[in-house]
Amino acid sequence: MNTVNVGVLTGGGDAPGLNAAIYGILLRGYQEKDIKILGIKQGWKIFTFPIEEIPKIKEFYVEELKIGELDDLHTRGGTILYTSRSNPFEEVVKLTDPKAQEALRKKVALDLKAKMHIIGLDALIIIGGDDTCGVGAALYKYTNAKVVACPKTIDNDLAGTDYTFGFFSSAQLASNSLDSITTTAHSHQRIFVVEIMGRDAGWLTLFSGLSSGADIILLPETPFDFQRDVIEVLRERVRAGYTYHIIACAEGAYPSMESLERDFTVISAEDINNLPKDTFGHPELHALKIADKIAKQIKRTKELKQFFEQHYVNFEVRSVVLGHTMRAGTPNVYDRITGLRYGYHAMSMLIDGVYGKMSSLNGTQICAVDLEVGSKKKYVDPNSDLIAIRDAMEDVKYKSKEKLFL
Ligand code: F6P
């Protein structure tokens, strides 16, 4: 029987558990006599070169993965395949006419399939978030290429699965940082605004904020009113006897338009509308540095300063960006196991002749969902119990203290 060459690539921001998914793929592949696994380095990058250049550069981007040389790969952080945000459809994103977009998308997809052939790939396993998997979905849709995917992202914002691997390791790191910062906040009687990754989804901030008992949790899904949700809460907390405050703020948590226009002098709607865009056409929300802006705006609120001083509480504000420390280090148990399961399942799908699907976690079961549907975005539901708990937790601290003082 002919050997089947299966390519594996990791794209987008790295996430703890990527190596676990690769190891899961290798474990399943090793059980078959005729499968060779080729690691494709730096995500979709090789696919962005002109087709005629690929034979020349292949040696820099493609390497066979041998399980015997990769013992316990699932325990290691990052990705041995390197990653990138290269987007073969970057030119499509720049077009505005939907018909022209569609025509170019199809052309690029056919081109991708031809490049798979030149690289020597019979099938491809993509490990990535909505952008990386979106490329795979288009490749499958227009060419029927043998493609399957594993969902990863620390942001947990993929529609087709309960959780993506990377999320819980990252949420734990953020929760630990929020826990730790309370001691210095306490010592100096400071307000800390802590910025947490997640793009336009609030999962990381919500889970780490709830887990660590952050005093205010600001999320993209529930645009905040600066006066009501920040200034008033800080005032009530001081009235109730608190001397320090932790605000967990998602990098994409912006004020409502009304609050932005009424309360903010340090940012404007224009700043938000003119944010730089990434290769997939998404605004780079972190570029606004929202935690820094909130901290600056709090500092400028003279009445709040007076109120703190009247209560003999120090009025100082600091902002901290957790940034890439949140993606650092080794995966936790959950992400190692989930990565292994996704990888093993993805390779099983290829072996069974199932294409155009993404491995997915549904409760405790691993199953398959359509790649096109699964790789769409998922946000925190503002009507969910998690948001109700957030709101209850924030209020109860100062309200329950007031009752004690009665
Ligand atoms: O998508 C994952 C993510 O970690 C986001 O939370 C964050 O905005 C982004 O990647 C950061 O990307 P980069 O590593 O390119 O700065």
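**Entry 1: H8 against H11**

I started with a helix pair and noted that H8 crosses H11 in a right-handed sense. This is a predicted model, so I'm reading everything here as computed.

Next I listed who does the touching. From H8 I got Phe 226, Val 230, Ile 231 and Leu 234, and from H11 Ile 294, Gln 297 and Ile 298. I sorted these contact residues by type and found 6 nonpolar, 1 polar and no charged.

**Entry 2: the largest core**

Which residues touch the most other members of the largest nonpolar core? I found Val 193, Leu 218, Ile 294 and Ile 298, in a core of 38 residues. Ile 294 and Ile 298 were already on my list for the H11 side of the helix contact.

I checked where the core comes from. At least two residues each are supplied by strands S6 (191–196), S7 (216–218) and S8 (245–250), and by helices H8, H11 and H12 (302–310). H8 gives the largest share, 6 residues.

**Entry 3: Val 193 up close**

I picked Val 193 and skipped residues up to four places away in sequence. Its contacts include Ala 291, Ile 294, Ala 295 and Ile 298, plus Ile 247 and Cys 249. I also see Val 317, Arg 318, Ser 319 and Val 320 touching Val 193.

**Entry 4: another core**

Last, I logged a second, separate core of 33 residues, with Leu 112, Leu 124, Tyr 142 and Leu 158 among them.

Methods. Residues numbered from 1 in each chain as written. Predicted model: local features only at pLDDT ≥ 70, side-chain atom pairs only at ≥ 80, totals over all residues. Heavy atoms only, no water. Left-handed = near helix turned anticlockwise from the far one by under 90°. Helix = DSSP H or I, 4+ residues; strand = E, 2+ residues; numbered from the N terminus. Contact = heavy atoms within 4.5 Å. Nonpolar A, V, L, I, M, F, W, Y, C, P; charged D, E, K, R; others polar. Core = buried A, V, L, I, M, F, W, Y, C linked by side-chain atoms within 4.5 Å. Buried < 20%, exposed > 50% of the residue type's maximum accessible area, 1.4 Å probe, protein only.
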